[in-house]
Amino acid sequence: MLRDIYNRPLKDLRISVTDRCNFRCTNCMPFDEYEWIDKKEILEKINGGYPLKEIGRDKGSAASVDYEFIDGGGELGVIASVTEPFCSTCTRARLTADGKLVTCLFSATGYDLKKLLRNGATDEEIIEVISPIWGKRTDRYSDKRLEAMNSAQGYRAKDHRKIEMISLGG
Ligand code: SF4
């Protein structure tokens, strides 16, 4: 969640809660130049007017931790990838439009599968290529970002090259 230029937090969130629509706060693709509100702060603010009960992370690996309103008014999810990263349970992968398999939404590179796909590889052949890539995966960008944020040097977005979301898909 963002604060607006007048430092007003959660304005849109308040509208969503009163309208009782299911929604998610933040996402896994933060824009580094904005200040982010801590998950605890988001939940405290909502709980103050609309008490919540935690449901949990869908399938144990979903990006959001979901909550339901105790009065039965709906659900919401909080994706706290900045302040509470979940790399250890992440199952995200993307295939870019130019045929690269990317194993983290913040990867700097991908594995080129274009030739394989264009040559009509079978599902089994594709699995044979992808499995070892996935098995060796060590991605933990958000974990490292939090470590850097908590370090003396702090986190500097420009030090971390990554594929732009516009190429990667959300
Ligand atoms: S491994 Fe990458 S895509 Fe997965 S949660 Fe961490 S930062 Fe996000």
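Me: Which residue in E4 does Asp-66 stand opposite?
Reply: Asp-66 faces Gly-77 in strand E4. This is a predicted model, in which local features need pLDDT of at least 70, side-chain atom pairs count only at pLDDT 80 or more, and totals for chains, interfaces and linings use all residues. Numbering starts from 1 along each chain as its sequence is written.

Me: How many bridges pair E3 and E4?
Reply: Four bridges join E3 to strand E4 (residues 75–78), in the antiparallel sense. Strands are DSSP runs of E, at least two residues long, and helices are runs of H or I of at least four, numbered from the N terminus; two strands pair if DSSP finds at least two bridges between them.

Me: What lies between E3 and E4 in the hairpin?
Reply: Five residues separate the two strands, and Gly-72 in the turn has a positive phi of about 80°.

Me: And which strand do five bridges join to E3?
Reply: That is strand E2 (residues 52–57), which runs antiparallel to E3 (residues 65–69). Here Arg-57 is placed opposite Val-65 of E3.

Me: Which residues is Tyr-67 in contact with, leaving aside its neighbours within four places in sequence?
Reply: Tyr-67 then contacts Leu-52, Lys-53, Glu-54, Ile-55, Glu-75 and Leu-76, a contact being two C-beta atoms, placed from the backbone, within 7 Å. Tyr-67 also belongs to the largest nonpolar core, which has twelve residues in all, including Ile-42, Leu-76, Val-78 and Phe-86. Such a core is a set of buried Ala, Val, Leu, Ile, Met, Phe, Trp, Tyr and Cys residues joined through C-beta atoms within 7 Å; buried means 20 or more other C-beta atoms within 10 Å of the residue's own.

Me: Which elements give two or more residues to this core?
Reply: Helix H2 (39–49) and E4 do. Apart from this core lies another, of six residues, among them Val-102, Cys-104, Phe-106 and Leu-168.

Me: Turning to the open sheet, what is the strand order?
Reply: The order of its three strands is E5-E6-E7, with antiparallel pairing. Strands E5 (94–95) and E7 (111–112) stand at the edges with a single partner strand each, so one side of each has no neighbour in the sheet. Two bridges pair E5 with E6 (residues 100–102), and Val-102 in E6 is the bridge partner of Arg-94.

Me: Last topic: is helix H4 largely in the open or buried, and why?
Reply: Helix H4 lies largely in the open, because the number buried among its 13 residues is zero.
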